[in-house]
Protein chains: 2
Amino acid sequence: MRVAILAHEKFPERAKTALGVLRYADYDVVAVLDRETAGTRVNDHVHDVQDAPIVTGMDDVEAQVDALLIGIAPIGGGFEESWRPDVRTALERGCDVISGLHYFLSEDEEFTALADEYDCELWDVREPHDDLTVSQGVASEVDAEVILTVGTDCSVGKMTVSMELARDAQEAGYDAAVIPTGQTGIMIEGWGNPVDRVISDFTAGSVEELILEKGNDHDYLFVEGQGSIIHPAYSAVTCGILHGAMPDKLVLCHAAGREAVHGYESFPLPSISTYVDLYEQLAEPVAPARVDAGAINTYGLSEEDAQATVEEYEAALGAPATDPVRYGTDELLEVLL
Amino acid sequence: MRVAILAHEKFPERAKTALGVLRYADYDVVAVLDRETAGTRVNDHVHDVQDAPIVTGMDDVEAQVDALLIGIAPIGGGFEESWRPDVRTALERGCDVISGLHYFLSEDEEFTALADEYDCELWDVREPHDDLTVSQGVASEVDAEVILTVGTDCSVGKMTVSMELARDAQEAGYDAAVIPTGQTGIMIEGWGNPVDRVISDFTAGSVEELILEKGNDHDYLFVEGQGSIIHPAYSAVTCGILHGAMPDKLVLCHAAGREAVHGYESFPLPSISTYVDLYEQLAEPVAPARVDAGAINTYGLSEEDAQATVEEYEAALGAPATDPVRYGTDELLEVLL
C-alpha cells in the first residue's frame, strides 16, 4: 500500500505516529505533508527510517497514493481545519484516509459525502468495533508464546520495544507478530483494537480478541502494552491488557531519568523491584508470568552514561536489559524466544 | 419520590435491583409489578425491607407515581417486549422511567415520543454522561475519609456492604454518603457513574469525578467497588476504581464457600492474604490504604457455621470482619470511622 503521511508543522520531533509508520510499517511512504519542512526529505531529518519527499500538501503529491494517513495529533485529539484541503483532495483522488484522532472523520459530513462519492474508506482507528465483549479468560490457550511489554509509566517505549523485538525476531527467522493496542501500533500494523477507547468492562476482552485472532498463526506474539499499573489515570487499561493477554513473559520498559509519573509529577515512581513484584503478583492468579527482560530508553545520554544506566537497570531488574534502539535486541531475544 | 418497581416473574429471588431499592433507597415504593406474585405483598416474601403491594401491571397501580423503575435485568440486559405496556402506561401517566438495562430506553422511538408528549424523563443509568475525562489524581485532596469496598470476586456483596456501612454510620450520627459506581447503586442513590460502561481511559476519572462532587460535603464516603483485582474479565474496572477513588481505607468483601471466580471456574481464588497484599501494594504508589476490615456473606449457612466462617475469615485477614447483614456493622464501623 502506498501512503502519504500528514504531519504539518510537526515533523519530525512532534510526529510520533508519522515516525512510527516510517520506521516500522510495511507501507510504501510516497510523501510526507509538512508545510514547514517542505522541500527537504525525511532522511534529512531522521536516518534510520525509509526516505520520502516532504511536500506542502496533497496537491504536490504526484505519485499514486492509496491512503492518506494522519500522522500527528494536536493536544486534545481534535481535527485541525487547516488539514481539510488535504483530506478533501485525498478523497477526491480516491484515497482512503486513516486517522487516529479523537475526532472521528466518519462523523464529518463533508468527508463522509466525499468518501461515498469517490468510493473511499474513512478509517478511524480509535473507533472500537461494535462486537467487543467481556473476556472469556482463554487467551493462554493459543499456541503462540505471548510476550507483553509493560511499563513504569506512559511514554517509556512500549510500542517501540514491541515493534523492535518482533521485527528482529522475524529477521532472525522466527514466526513473530505484533498485537497492536494503541493508535500508532494499529496504523503501523493495519489492524488492532484501541484498548484505551473501549468500554471499560471490555478492556481485557478487546485484547483477548486480538490474541485469539492471531495466536494460532504465529509462534510468538509481541503485545503492545499501555500505561503503567500504578498510573493514577491509566492503570485500568494496563491491568485489563495484563489479564486479557494472559502473557507468558513480560518485558519491563522504562525511560532513563524518569522519576515521577509523566504529567502527574506529584506521584514519584516506585522502585523497579516494586514494579516487578506488582506485575508478577497481579499476573499470577490469572496467568503466571515473569519479568524476563527489560528495556530502557537512554535517548540523549552519552555513550558512557547510557552503558552505566543499562547496567544499573539490569541490576535493579534482576534480568537481562538493554536499550533496544541503541544496542539492538539480541540480549533480549535470547531470553524471550 | 414515589416509585413503582417492575420485577415481572422474578420477585424476589432474581430481582436484585428491586430488592436493593426496597432495602436502601429513600424512595416511597407504592407498588411492585410482578405478574407471577401479584396479589401478595413484598413483606410476604422479604421481611427486612419496606412493604408494598405486588400487582400485575401499571394499570393496577392506583396510587400516584413519580417514576417507574425497571428492577430486573434479563441475561444480556435487553428489553423484554412484554414490559412495553407498563412503560407506555407509566409515560402516559406522566411518570419518569429509570432503567439500568444495556438497552437504552432513550433510543426507543415509541418511548422517546411518549416522553416528549407527556413531559417525562427517560433515565438510562448505564449511559455515561458526555463530559467524562481522564483522572487528575486528586481524589485524595477532598476533606472526607474515603472507604472503598474491594472484593475477592464479583457478586460478593460490595454494593450491599457499602450501603449497610453508610446507613448505619448515618444512623449513628455520622455524616456519611455512598459513592455509587454500578447500576443498582446508581438507582438507589439517584446519581453516580456507571464505571463499567465508561471509556476505559476514563475509568479512574469517572470515579474521581464522583469523589470530587461529594468529598467536601461529607465526613465519610463509602465507595461501591466493582469486580476483583484478579478477575480475568473485570479487573480493569477494579483497578481504575482503586486508583481513581484514592481511598484511605479498604474493606475486603468475600462470599463464604466461594473457591473459584464466579463464571470462570478454571480460575481458583488465591488466598485472602494474597488479596490483601495485592490491593495494598497496588494502592500504595498512588494513595496508600490498608485493608482495615472485612465483610463476608454467610447467607445460607447455619448459625454455627456462620460464626466459624467469620472467625476463620477474620484470622486470614488479620483485621476485624463480620457478616454485616447477619451481625450488623458495629465491629466494622469501630475501625472505619
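**Close-up views of a predicted model**

**View 1. A buried isoleucine, A:Ile272.** A:Ile272 has 22 other C-beta atoms within 10 Å, so it counts as buried (20 or more other C-beta atoms within 10 Å of a residue's own; 12 or fewer would be exposed, anything in between partly exposed, with C-beta atoms placed from the backbone). This is a predicted model, where local features need pLDDT of at least 70 and side-chain atom pairs count only at pLDDT 80 or more, while totals for chains, interfaces and linings use all residues. Residues are numbered from 1 along each chain as its sequence is written, and chains are lettered from A and ligands numbered from 1 in the order in which they are written. You'll find A:Ile272 in helix H9 (residues 272-283) of chain A. Leaving out residues up to four places away in sequence, A:Ile272 touches A:Tyr313, A:Ala316 and A:Leu317 (a contact means C-beta atoms, placed from the backbone, within 7 Å). A:Leu221 sits 51 residues from A:Ile272 in sequence, and their C-alpha atoms are 25 Å apart.

**View 2. Chain A as a whole.** Chain A has twelve helices and 14 strands (DSSP runs numbered from the N terminus: H or I of at least four residues for helices, E of at least two for strands). Its radius of gyration is 20 Å, close to the 20 Å that the globule rule gives for 337 residues, so chain A is as compact as a globular protein of that length (the radius is taken over C-alpha atoms; the rule is 2.2 Å times the number of residues to the power 0.38). Of those 337 residues, 54% count as buried.

**View 3. H9(B) against H10(B).** In chain B, H9(B) and helix H10 (residues 303-317) pack with axes 8 Å apart, at an angle of about 45° (axes are lines fitted to C-alpha atoms over the stretch in contact; angles run from 0 to 180 degrees between N-to-C directions). B:Ile272, B:Ser273 and B:Val276 in H9(B) meet B:Tyr313, B:Ala316 and B:Leu317 in H10(B).

**View 4. Where chain B meets chain A.** Each chain puts 31 residues into this contact. On the chain B side, the elements giving two or more residues are helix H7 (203-214), helix H8 (235-245), strand E12 (264-268) and helix H9 (272-283). The largest share, six residues, comes from H8(B).

Technical notes
Two residues are in contact if their C-beta atoms, placed from the backbone, lie within 7 Å.
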